[in-house]
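Welcome! Please take a moment with the sequence and the 3D view, and then read on for a short tour.

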Amino acid sequence: MEGLTASEIAGFGVGTLLLCATIAAPKLDAFFSASQRSSLGMCKRCGDLRMVPCMKCKGTGSVKSNGPIDLSVMDNLYLVFGGAESKVKSIRCSKCQAKGHFRCPDCANISRV
Ligand SMILES: [Zn+2]
Ligand SMILES: [Zn+2]
């Protein structure tokens, strides 16, 4: 380690730290926002919105009914009865009762004042 001054070593250390910080920044950001929420007494899952979006309808409250049931048979029925509806209909999301969101399970477990 001859020829390396203390400041050179320090500079190298800082450079390495900066590099690590840059790489880890997105992860750290997520970590800090989560810990920040909990330190503020906010729900980690929903950020105190007390609701989480429905994954089935992606928060829209309706889903496209293009499942395996809606095949040629249904198309023929529409043709027979002269139905002008498109084959892909939007139906109410049965998972969230068309609300598009659920009560946050984390918040539901906490008795709030
Ligand atoms: Zn839904
Ligand atoms: Zn919550």
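Cys96 sits in the loop between strand 3 (89-92) and strand 4 (101-103); helices (H or I, at least four residues) and strands (E, at least two) are DSSP runs, numbered from the N terminus. This is a predicted model, in which local features need pLDDT of at least 70 and side-chain atom pairs count only at pLDDT 80 or more, while totals for chains, interfaces and linings use all residues. Residues are numbered from 1 along each chain as its sequence is written, and chains are lettered from A and ligands numbered from 1 in the order in which they are written.

**Around Cys96**

- Cys96 counts as buried because 21 other C-beta atoms lie within 10 Å. The scale behind that word is simple: a residue is buried if 20 or more other C-beta atoms lie within 10 Å of its own, exposed if 12 or fewer, and partly exposed in between, with C-beta atoms placed from the backbone.
- Which residues is Cys96 in contact with, leaving aside its neighbours within four places in sequence? They are Cys54, Lys56, Cys57, Gly61, His101 and Phe102. Here, two residues are in contact if their C-beta atoms, placed from the backbone, lie within 7 Å.
- Gly59 is 37 residues from Cys96 along the chain, and the C-alpha atoms of the two are separated by 9.0 Å.

**Lys99, in the loop with strands 3 and 4 at its ends**

- Lys99 is also found in the loop between strand 3 and strand 4.
- With 15 other C-beta atoms within 10 Å, Lys99 is partly exposed.
- From C-alpha to C-alpha, Lys99 and Thr60 are 7.6 Å apart in space, although 39 residues apart in sequence.

**The loop between helix 1 and strand 1**

- Asp48 has its place in the loop between helix 1 (6-39) and strand 1 (51-53). The phi of Asp48 is near 75°, a positive value in a residue other than glycine.
- Is Asp48 buried or partly exposed? Asp48 is partly exposed, because it has 13 other C-beta atoms within 10 Å.
- Arg50 lies in the loop between helix 1 and strand 1, and its phi is near 65°, a positive value in a residue other than glycine. Arg50 counts as partly exposed, with 17 C-beta neighbours inside 10 Å.
- Cys46 is placed in the loop between helix 1 and strand 1. Cys46 is partly exposed, since 19 other C-beta atoms lie within 10 Å.
- Leaving aside neighbours within four places in sequence, Cys46 is in contact with Met51, Val52, Cys104, Asp106 and Cys107.

**Arg103, in strand 4**

- Arg103 is found in strand 4, and Arg103 is exposed because 12 other C-beta atoms lie within 10 Å.
- Not counting residues up to four places away in sequence, Arg103 touches Arg50, Met51 and Ala108.
- Arg103 and Met51 are 52 residues apart in sequence, yet 4.4 Å apart in space, C-alpha to C-alpha.

**The whole protein**

- How many helices and strands does the protein have? There are three helices and four strands, and from the N terminus on the elements run α-β-β-α-β-β-α.
- Of the 113 residues of the protein, 4% count as buried.
- Among contacts between residues at least 6 apart in sequence, 76% join residues at least 24 apart.

**Confidence of the prediction**

- The protein has a mean pLDDT of 73, and 58% of its residues reach 70 or more; pLDDT is the predictor's confidence in each residue, from 0 to 100.
- Among the elements, strand 4 has the highest mean pLDDT (91) and helix 2 (residues 72-80) the lowest (54).
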